[in-house]
Amino acid sequence: MNNELFIFCLRLADNCLILAHRQSELCSKSPFLEEDIAQTNFGLDLLGQAEAIYNFAAEIEGNINTPDDLVYKRNERSFYNFILSEQPNTDFAFVVIRQYFMSVYLKIIYTTLSNIKDSELSGISLKALKELDYQINHFELWIKRLGLGTKESKEKIQNAINELWIFTGELFERDNLDLNMEKNGYLLNSNLFYKKWINYINDIFNKSNLNIPKDAYMITGSKNGIHSEYMGFILTEMQFLQRTFPDAKW
Amino acid sequence: MQNGSKMIKNKILSILKQIPDPEIPAINIVELGVVRKIICNENITQVSITPTYIACPAIDLIGKLIKEKLVKFGYKNINIKMVYYPTWTTDWISEETKLKLKNYGISPPNLINSKNKKIICPKCNSNNTSLKSFFSSTPCKSLHKCNDCIEPFEYFKCI
């Protein structure tokens with residue numbers, strides 16, 4: 001159970017970390033100042049969630065690795081974030097859709113975790129949930145503004161949905177580890193999870209005159225450490241210093 | 001013994017009250033509700049702290065400041081423990097502390113379940129204010145403008 005809980009936590013924390021990295025790339029590059037502050041705030045929230053969960057995971061593992069080791073010393077094949085999380089900030093619509101899909105996913109996962117008996121993990125989840133609502137509200141506003149805005153804004157947001165949709169199938173995949181976590185109450189079963197997630201998406205897309213693509217082929221692999229070409233570049237940048245000067249400290 | 005340990009705890013608490021919050025120096029870390037628990041015996045002095053926001057960048061610094069301060073007062077084997085439960089809430093901030101925040105220029109948080117959602121300008125007390133940006137200089141604050149005195153100000157978001 002402990003080893004499974006460790007991997008389960010890594011999967012969750014890796015998602016937060018890589019999403020935080022993508023958000024941090026927007027620092028000083030957002031469309032306007034207030035949005036810049038919002039995006040970097042979300043990045044900070046996600047990084048905080050990642051740190052708290054890595055800390056928790058490191059303890060379960062018996063402190064063999066520090067949280068920093070987990071972030072800076074693993075190779076691409078040992079990262080378990082969804083392929084969706086690592087997708088680049090192609091344009092602002094891609095940022096909005098990627099973050100929205102993922103923040104709804106995180107909300108469902110944290111809601112389940114907040115009810116389990118482990119007070120530390122449920123404490124982290126409760127805390128994360130409070131901040132996640134800000135993100136969900138913020139991105140819903142943007143989906144509406146872009147979907148109901150001009151012809152061009154609608155085209156762009158619909159394009160982002162179409163392009164990113166093929167990565168969403170992974171969010172509801174379950175391997176043996178997940179099934180065991182379900183049994184222990186750490187995870188909702190796939191059908192229920194999907195229902196909750198798609199309700200959010202349908203609701204906001206209906207209000208915003210946007211469509212879900214039909215019959216899309218789904219790309220998966222992250223549970224086995226298989227990623228898109230973008231992941232290597234993220235790690236190259238993120239791990240550069242620790243790889244070049246091992247164990248360098250401030 | 002019971003009373004003795006309580007006295008020691010109170011003494012530590014009064015020392016910790018001398019540490020201002022790094023981001024809002026007008027209030028101390030005890031008033032803010034960051035200090036959750038103190039365990040003190042012959043072997044160890046353990047202070048449990050909780051972050052206001054999960055990614056609060058000041059929390060590591062707060063831990064260091066606590067260590068520094070307690071060392072100065074002769075405490076040894078100081079251990080800082082991070083706890084996440086119960087989750088920090090602005091409802092823990094007392095009325096007295098809220099007044100300090102207001103005098104410092106930050107509009108204090110309303111109670112979470114309060115029907116009063118009005119945000120007051122800390123400079124002229126007007127409640128004719130508008131939200132400029134939900135995010136501001138730190139994760140815990142939003143940016144507002146007073147429509148009467150036209151001054152910008154920050155509000156401590158209630159969570």
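In what order do the elements of chain B run from the N terminus on? They run α-α-β-β-α-β-α-β-β-β-β. That is four helices and seven strands in chain B, where helices (H or I, at least four residues) and strands (E, at least two) are DSSP runs, numbered from the N terminus. Taken along the principal axes, the C-alpha atoms of chain B fill a box of roughly 55 × 30 × 25 Å.

Some ground rules. This is a predicted model, in which local features need pLDDT of at least 70, side-chain atom pairs count only at pLDDT 80 or more, and totals for chains, interfaces and linings use all residues. Residues are numbered from 1 along each chain as its sequence is written, chains are lettered from A and ligands numbered from 1 in the order in which they are written, and side-chain values use heavy atoms, with hydrogens and water left out.

Now to the helices of chain A. Two packed helices are described by the angle between their axes and the distance between the axes. Axes here are lines fitted to C-alpha atoms, for helices over the stretch in contact, and angles run from 0 to 180 degrees between N-to-C directions.

Take helix 1 and helix 2 of chain A: their axes come within 8 Å and cross at roughly 160°. That makes helix 1 of chain A roughly antiparallel to helix 2 of chain A (the word is used for angles over 145 degrees). Their crossing is left-handed, meaning that the near helix is turned anticlockwise from the far one by less than a right angle. The residues of this contact divide into 19 nonpolar, five polar and one charged. Ala, Val, Leu, Ile, Met, Phe, Trp, Tyr, Cys and Pro count as nonpolar, Asp, Glu, Lys and Arg as charged, and the others, Gly among them, as polar.

Helix 1 (residues 2–24) of chain A also packs with helix 4 (residues 92–113) of chain A, at an angle of about 150° and with the axes 12 Å apart. Helix 1 and helix 4 of chain A are therefore roughly antiparallel as well, and this crossing is left-handed. Among the residues of helix 1 that meet helix 4 are Phe8(A), Leu12(A) and Leu19(A), and the helix 4 side includes Met102(A), Leu106(A) and Ile109(A); contact means heavy atoms within 4.5 Å. By class, this contact has 10 nonpolar, three polar and two charged residues.

On a 1 Å grid over the protein atoms alone, a cavity is a set of points where a 1.4 Å probe fits but cannot get out, and a pocket is an open set with protein on both sides within 12 Å along at least five of seven lines; lining residues have an atom within 4 Å of a point. Grid points are joined across faces, edges and corners, and a volume is the space filled by probe spheres set on the points.

The structure holds two cavities of 30 Å³ or more. Of the 13 residues that line the largest cavity, Arg11(A), Tyr105(A), Ile109(A), Asp178(A) and Lys223(A) are the closest to its centre. Helix 1 of chain A gives the largest share of this lining, four residues.

The second largest cavity has a volume of about 70 Å³, and its lining includes Asp21(B), Cys56(B) and Phe156(B).

Finally, the second largest pocket, with a volume of about 360 Å³. Its lining has 15 residues, and Glu35(A), His138(A), Leu141(A), Phe134(B) and Phe135(B) lie nearest its centre. Helix 5 of chain A supplies the largest share, six residues.

Terms used:
Angles under 35 degrees count as roughly parallel, over 145 as roughly antiparallel, 65 to 115 as roughly perpendicular and the rest as oblique.
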